[in-house]
Each structure stands twice: as C-alpha cells, then as structure tokens.
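Here is a briefing on one protein model.

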Amino acid sequence: MNRISTVMKIHAKDKLMWFIVPWCFALIPAFLINLLGGLILRPENGFYTGGLSSIFFLMMLVGISTLTKSFPFALGLSIRRTDFFLGTVMMVAIVCLGNSVVLSALSFVEGDWGWGVGLHFFNLPYLSDGSLAERWWTLFATAFHITFLGFFNTAIFRRFGRTGLFVLFPVILIAGSVIGFLCTYFGWWTDIVNWLSGHSAAQLASWLFVVAVIYVLLSFLMIRKATV
C-alpha cells in the first residue's frame, strides 16, 4: 500500500498536467470566452456551447502523459508495475471524482439562469437530464473512460511499439468502415438512433464505464510486459 501511495504522490506532484492544464488552460478560458460573448451579443433565447468538452480532451492527454512521463520514473524508484498501475487507477478515479463533483455543482448553479446572459455551458440538454447524482455519474464515467482511452493507446505503444499503433489504427478504420457499410446496407441507423434516444445520458455513461474497465484490464496486461 505504501508503494501505491507513493505512485499517487508522484502523479500529484505533476500539478500542471493533472490539475492546472485541464482547468486553467482549457475549461475556464473556454467558459470566460463564451461568457464574454454572451455579455456582448445578449442572445434573446440564450445559447449553448460545447466548451465543456475541453476538459475531457485534456483528461485524455493526462492518460497519455501518465505512461510517457511517470512510468519510467516510477520504475527507476524500484516500484513494481502492479503498484504503479493500481496507484494510477486510484489517482485517475480521485481526479475524475473531484472534477465531476465540481462540474455537477456548476451545472446545478447554472440551471436555467445561464449566468445572466443565457449561457448554457455546464447545464446542457440531455447531458444534464435527471437527478444531480445522475449528472455526476455521467460526468465521472465519461471522464474515466476518456482518460483510460488515452492510457490504453499509450500502453499499446509501450508494449508493441510503433508497429502496434500502425496495426491498431488501420484495423479500427477498416472495422468502422465495415460497420458503417453494414448499417447503411441493412438500414440499421434508425434502430441505433432509436436505441440511443431511448436511454438517458447516465445509462449510456454506464456502458462507457464498462468499456473503460476493459481498457483498464487490457492496459494492465500490457504494462506487465511493457518496455520502459
């Protein structure tokens, strides 16, 4: 347990990537720019923005940088790969928990008020539907999923090198093309849209979380034999 906490401390020392960049270099500037736009334009019916997505893109970079920067350093301190992985999972969970709590609170405060200018930045249709707990789960599961998506891709690179990525991306492209063709040929798109619209954002986020757990398990298997 001491080594796991050591890994978490190693991550926590990189405050720039884990805490400052997602908020101070992405989310807050995006919010202020949109707020300024609302103050200048004063749209009668308010306006919606996708600026909230900026923090999720940055969390993906957090997942990518974790194996790039912290992994070699931790192994240099004779920390086991399993301890590094468990410490990283706990750190990601805590950060995603904190971010989702703050974002949920901001969504609640924003409400229909829209910061006095009709700005809907945190409180968005569909994404913010349901109870406050459902809003939190949607944000948490999405952030956790995206962070480990970045981690998973870097784990592939660590385990299989560039060859692994050169094989993975064409496979994904081909598989996506085949699935898209089949959906068009058999007319499945309507059924897919109806299925998605029949589920809440919190329910879909639960599926994202399941996929994230798969990322975690596969990443662990690759990290055990990954090169530094």
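W188 counts as partly exposed because its relative accessibility is 38% (buried is under 20% relative accessible area, exposed over 50%, partly exposed in between; 1.4 Å probe, protein chains only). This is a predicted model, in which local features need pLDDT of at least 70, side-chain atom pairs count only at pLDDT 80 or more, and totals for chains, interfaces and linings use all residues. Residues are numbered from 1 along each chain as its sequence is written, and side-chain values use heavy atoms, with hydrogens and water left out.

**Aromatic pairs**

- The whole structure contains 22 aromatic pairs. Rings of Phe, Tyr and Trp (its six-membered ring) pair if their centres lie within 6.5 Å; planes under 30 degrees apart are stacked, over 60 edge-to-face, and the rest tilted.
- F85 and F220 make a tilted pair, with ring centres 5.3 Å apart and planes at 55 degrees.
- That pair joins distant parts of the chain: F85 lies in helix α4 and F220 in helix α7, 135 residues apart. Helices (H or I, at least four residues) and strands (E, at least two) are DSSP runs, numbered from the N terminus.
- F85 is buried, at 4% relative accessible area. F220 is partly exposed, at 22%.
- F186 and W188 form a stacked pair, 5.1 Å centre to centre with 15 degrees between the planes. F186 is partly exposed, with a relative accessible area of 47%.
- One aromatic cluster takes in F85, W136, W137, F140, F144, F148, F151, F209 and F220.

**Nonpolar core**

- The largest nonpolar core has 49 residues; L27, L52, L103, F144 and F148 touch the most other members. Such a core is a set of buried Ala, Val, Leu, Ile, Met, Phe, Trp, Tyr and Cys residues joined through side-chain atoms within 4.5 Å.
- At least two residues of this core come from each of α1 (2–13), α2 (15–41), α3 (53–76), α4, α5 (132–186) and α7 (201–223).
- α5 gives the largest share of the core, 11 residues.
- Which residues does L52 touch, not counting residues up to four places away in sequence? They are L27, L103, F121, F122, L124, L127 and L139. Contact means heavy atoms within 4.5 Å.

- S65 sits in helix α3. S65 counts as buried because its relative accessibility is 12%.
- Beyond its neighbours within four places in sequence, S65 is in contact with M17 and S70.
- Helix α4 (residues 81–110) has 30 residues and reaches 43 Å from first C-alpha to last, close to the 44 Å expected at 1.5 Å a residue. The expected span is 1.5 Å times one less than the number of residues.
- G111 follows α4, and its phi is positive, near 45 degrees.

**Cysteines**

- The structure holds zero disulfides (a disulfide is a pair of cysteine sulfur atoms within 2.5 Å).
- C96 is in no disulfide, and the nearest cysteine sulfur, that of C24, is 17 Å away.
- C96 is buried, at 0% relative accessibility. C183 is also buried, at 5% relative accessible area.

**Confidence**

- The protein averages a pLDDT of 91, and 99% of the residues score at least 70. pLDDT is the predictor's confidence in each residue, from 0 to 100.
- Confidence is lowest in strand β1 (residues 47–48), at a mean of 88, and highest in α7, at 95.
- Where pLDDT is low, predicted coordinates should not be read in detail.
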